Amino acid sequence: MAKAMQNKGRAARVMGDMTDKVQASQTWNSIFRPGSIFRKGYTDSPRNRSYVIMNSVLYHLHPVKVKRHAVKVSYTLCLGGLSFFLFILLTVTGIFLMFFYRPTAAQAWNDIYALQTNVAFGLLVRNMHRWAAHLMVLSVFLHMARVFYHGAYKPPREFNWVIGVILLTLTLLLSFTGYLLPWDQLALWAVTVGTNMMGYTPVFGNQVRFALLGGAEIGTDTLLRWYVLHVLMLPFVIVIFMAIHFWRVRKDGGISGPL
Ligand code: HEM
C-alpha cells in the first residue's frame with residue numbers, strides 16, 4: 001500500500017517536472033502569448049483576461065468585451081450566425097457533391113442520379129445541400145428584417161447595411177446558379193425564364209442575356225458558366241464580403257443595443 005502511494009507520488013512529480021519544462025520552452029511561449037491562461041504566472045484579473053484575447057491570433061476573432069444584451073439569443077435570434085453556419089454547411093456538402101458531378105449537358109443529370117442511387121450518403125448530402133440553400137436564403141432575409149426592426153441600419157452601421165445588401169444579392173445569385181446544375185426540366189425552364197427576364201434590362205438587355213447564357217440560348221456552355229460561378233467565383237466573393245461584414249460589426253462597437 002505504502003509502496004503504491006510512493007509510486008503514485010513519484011509519477012505525479014515526474015509529470016509536474018515535465019509540464020514545467022514544456023511550459024518554460026520557447027515553443028510553448030511563442031504559441032501562448034503573455035497573459036494567456038496556459039502560460040505560467042497568469043493571475044486572473046479583468047486586464048489579464050483582455051490580454052488573453054488581444055494577444056492570441058485565435059482568440060482575437062472574439063471581441064474583448066461583449067455587451068450583455070448581445071449574447072441574448074432573443075435579441076439577434078442568432079440569424080446572422082445561422083446564415084454563416086448554413087454557408088459553412090453548404091461549403092462542406094458542396095465539396096462532397098463536387099467529387100461526383102461533371103458540368104456537361106451529357107453527364108450532369110446522370111451524375112446527380114448516380115449520386116443519389118450509387119453513392120453512400122449521396123442522397124442525404126444532396127438533400128442537406130439543397131435544404132441548407134433554401135434555409136440560407138430565408139435566414140439571410142429574416143436577419144435583414146431583424147436588423148431593420150432594431151434600426152441597426154442607422155449610423156454608424158449604414159456601411160454594414162450596404163455590405164449586407166451585397167451579401168443578400170450574392171446569396172440569391174448562389175442559390176440561382178445552383179438551381180441549374182441538376183440539369184433537369186425544372187432547372188432548365190427556371191433558368192430560361194430567369195435569363196429571359198434579365199434580357200429586359202434597359203439598354204444592355206441582349207448583352208446581359210448572352211453573357212449569362214454563354215450563347216443565344218440555354219445549353220452546355222450555360223451549364224459550365226454557371227458551374228464556375230457557383231463553385232468558385234461567387235463563394236470567393238461572398239467570403240470576402242462576409243469578412244468585411246464581421247469586421248464592421250466589431251468596428252461599429254459590436255451589435256446595436258436595445259433603444
Ligand atoms: C450571408 C449573409 C449574412 C451573414 C452571414 C451575416 C452575418 C451577420 C452576423 C453574424 C451579425 C452579428 C449579429 C447577428 O447575428 O445579428 C450581423 C450583423 C449585421 N448584419 Fe448581417 N449577415 C448577412 C447578411 C446581411 C444583410 C442582408 C444585411 C442587411 C441588408 C445585414 C446587415 C447587418 C447589420 C446592419 C448588422 C449589425 C446589426 C446590429 O448591430 O444589430 N447582414 N450579420
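This is a predicted model: local features need pLDDT of at least 70, side-chain atom pairs count only at pLDDT 80 or more; totals for chains, interfaces and linings use all residues.
Which residues of H9 are buried? Residues are numbered from 1 along each chain as its sequence is written, and side-chain values use heavy atoms, with hydrogens and water left out.

To the opening question, then: the buried residues of H9 are Ala187, Leu188, Val191, Thr192, Gly194 and Thr195, where buried means under 20% relative accessible area, exposed means over 50%, and partly exposed is what lies in between, with a 1.4 Å probe and protein chains only. Helices here are DSSP runs of H or I with at least four residues, numbered from the N terminus. The cover over the buried residues of H9 includes H8, helix H10 (205–213) and H11, and this rests on contact, meaning heavy atoms within 4.5 Å.

As for its length, the 14 residues of H9 should span 20 Å at 1.5 Å a residue, and the end C-alpha atoms are 20 Å apart, which agrees; the expected span is 1.5 Å times one less than the number of residues.

Helix H8 has its own list of buried residues, including Asn160, Ile163, Gly164, Leu167 and Leu168. Among the elements that cover the buried residues of H8 are helix H7 (122–149), helix H9 (185–198) and helix H11 (220–251).

His245 sits in helix H11, and it is buried, with a relative accessible area of 14%. Not counting residues up to four places away in sequence, His245 touches His143, Asn160, Ile163, Gly164 and Leu167.

Let me turn to the loops around these helices, where some backbone values deserve a look. In the loop between H7 and H8 we find Pro156, and the peptide bond from Pro155 to Pro156 is cis, with omega near 5°. In the loop between H8 and H9 lies Trp183, whose phi is near 55°, a positive value in a residue other than glycine; Trp183 is buried, with a relative accessible area of 14%. Val203, in the loop between H9 and H10, also has a positive phi, near 65°, and is likewise a residue other than glycine, but Val203 counts as exposed at 75% relative accessibility.

Next, the salt bridges, each defined as a side-chain nitrogen of Lys or Arg within 4 Å of a carboxyl oxygen of Asp or Glu. By this rule the count comes to three. Asp44 and Arg49 meet through their side chains at 2.8 Å, N to O; Asp44 is exposed, with a relative accessible area of 55%, and Arg49 is partly exposed at 47%. Asp111 pairs with Arg102, the closest N and O atoms being 2.9 Å apart, and here Asp111 counts as buried at 9% relative accessibility, whereas Arg102 is partly exposed at 44%. The side chains of Asp252 and Arg248 meet at 2.7 Å, N to O, with Asp252 buried at 10% and Arg248 buried at 18%.

Finally, the overall division. The chain is divided into domain 1 (24–65) and domain 2 (73–251), with bounds that come from an automatic or database domain assignment. The centres of domain 1 and domain 2, taken over C-alpha atoms, are separated by 39 Å.

Which residues lie in the loop between H2 and H3? Phe38 is one of them, between helix H2 (26–31) and helix H3 (46–55), and Lys40 is another residue of that loop. Phe38 counts as partly exposed at 37% relative accessibility. Lys40, leaving aside its neighbours within four places in sequence, is in contact with Asp20 and Gln23, and its C-alpha atom is separated by 44 Å from that of Gly94, 54 residues apart along the chain.

Note on methods
Helices (H or I, at least four residues) and strands (E, at least two) are DSSP runs, numbered from the N terminus.
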